[in-house]
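Have the viewer open as you read.

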Amino acid sequence: MSTQPIKNVEYGLEKIFEGAQDFLPLLGTDYVEFYVGNAKQSAHFYKTAFGFQSFAYAGLETGLKDRTSYVLKQDKIKLVLTTALTSDSVIGEHVKKHGDGVKVIAIWVDDATKSYEETTKRGAKSFMKPTVEKDEHGEVVRSGIYTYGETVHIFVERKNYKGTFLPGFKPWVSDYNPSAVGLKFIDHMVGNVGWNEMNPTVKWYEDVMGFVNFLTFDDKQITTEYSALMSKVMSNGNGRIKFPINEPAEGKKKSQIEEYIDFYEGAGVQHLALATDDIIKTVSELKARGVEFLPPPPQAYYDDIPRRLGTHMSVMKEDIKKLQELSILVDADEEGYLLQIFTKPVEDRPTLFYEIIQRMGAKGFGAGNFKALFESIEREQALRGTL
Ligand code: FE2
């Protein structure tokens with residue numbers, strides 16, 4: 001298996017991936033919706049700790065009887081936090097089984113009806129038939145299909161809509177507005193699937209969504225003394241949407257992916273990687289606001305950075321001491337370097353966490369950091385008694 005990116009990668013250009021299909025043109029990520037136990041308190045957390053801004057709201061005051069949703073925004077990132085208001089709710093059932101987690105990865109498209117037809121024709125299981133929603137600001141068409149586990153993709157066509165978020169939502173104006181921390185857009189979103197499910201999931205993204213597999217990491221590359229995993233990175237044709245898919249691999253002890261699957265009770269979203277163009281500032285701010293990150297790798301990791309960065313060292317702007325102080329990781333590929341850091345899980349079950357990433361030309365996912373990162377995760381697993 002190869003770790004080399006295919007050669008014609010130029011993010012930002014249309015049709016960059018050879019072999020990517022154009023039956024499903026995707027414009028980008030629209031929003032990510034979480035089903036949670038208490039949306040009001042989750043919203044407070046994402047505002048206070050992560051610097052998200054109040055954006056839109058739907059609930060009893062807007063005529064809903066069964067649910068409440070808070071929409072938060074930071075630059076291009078939109079998170080929707082939804083909770084059930086009654087016991088007989090599919091949202092409540094989802095939370096009971098999985099805990100707080102991602103239900104919807106919504107994708108911005110030009111034609112939600114065609115997106116639905118093309119994907120269901122190719123074998124996708126329907127979640128929501130094309131549905132037109134209207135208000136005084138215009139109309140939005142949405143449709144949806146299931147992906148891994150109970151997670152779904154919703155296609156959002158909003159070219160005829162001028163409102164804040166979606167019909168049915170009102171702008172959310174709050175007196176409490178903590179400042180943003182510099183998070184810009186979603187760089188990638190990772191799915192964890194069970195044993196032997198990675199390849200079928202990869203094939204599903206190829207066949208149903210027209211994605212290409214542009215990077216592969218096997219269990220020889222992603223391994224520590226104790227546990228292992230395998231990962232394949234899927235991308236749509238224009239490179240704006242990237243979904244790495246992980247599955248556990250055999251090791252002496254329990255893979256972190258298996259721990260996730262056990263606690264999430266199935267496949268689901270493992271982490272969202274949020275991009276910043278000043279990771280030192282963003283991470284300093286997040287730490288000051290109480291976001292917990294994985295502990296730093298040992299001194300030797302930082303001593304080794306000049307060797308690992310090679311020629312990129314001459315263009316590196318960041319001070320290694322400062323990176324170490326904040327436990328930020330550094331990796332490089334042929335095209336540049338990247339800086340990244342991972343939070344601890346953001347809920348009580350060891351499931352969803354966040355990555356903060358700053359790309360300085362590198363197109364990879366920090367493969368050179370995997371060992372240091374996984375050893376750090378394993379130390380946390382050991383504390384939880386789940387290694
Ligand atoms: Fe990542």
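Which residues does Met209 touch, not counting residues up to four places away in sequence? They are Phe23, Leu24, Ile107, Thr119, Ile145, His153, Phe155 and Trp204, where contact means heavy atoms within 4.5 Å.

A word on the source: this is a predicted model, so local features need pLDDT of at least 70 and side-chain atom pairs count only at pLDDT 80 or more, while totals for chains, interfaces and linings use all residues. Residues are numbered from 1 along each chain as its sequence is written, and side-chain values use heavy atoms, with hydrogens and water left out.

Now the sheet. Nine strands make an open, mixed sheet in the order 6-7-8-5-1-4-3-2-9; two strands pair if DSSP finds at least two bridges between them. Helices (H or I, at least four residues) and strands (E, at least two) are DSSP runs, numbered from the N terminus. Strands 7 and 8 run antiparallel, joined by six bridges, and Ile145 has His153 in strand 8 as its bridge partner.

| Element | Residues |
|---|---|
| Strand 7 | 138-146 |
| Strand 8 | 152-157 |
| Helix 4 | 198-209 |

Back to Met209: along with Phe34, Tyr46 and Leu272, Met209 touches the most other members of the largest nonpolar core, which has 95 residues. Such a core is a set of buried Ala, Val, Leu, Ile, Met, Phe, Trp, Tyr and Cys residues joined through side-chain atoms within 4.5 Å; buried means under 20% relative accessible area with a 1.4 Å probe, protein chains only. Helix 4 gives the most to this core, with six residues.

Overall, buried residues make up 56% of the 387.

Terms used:
Buried means under 20% relative accessible area, exposed over 50%, partly exposed in between (1.4 Å probe, protein chains only).
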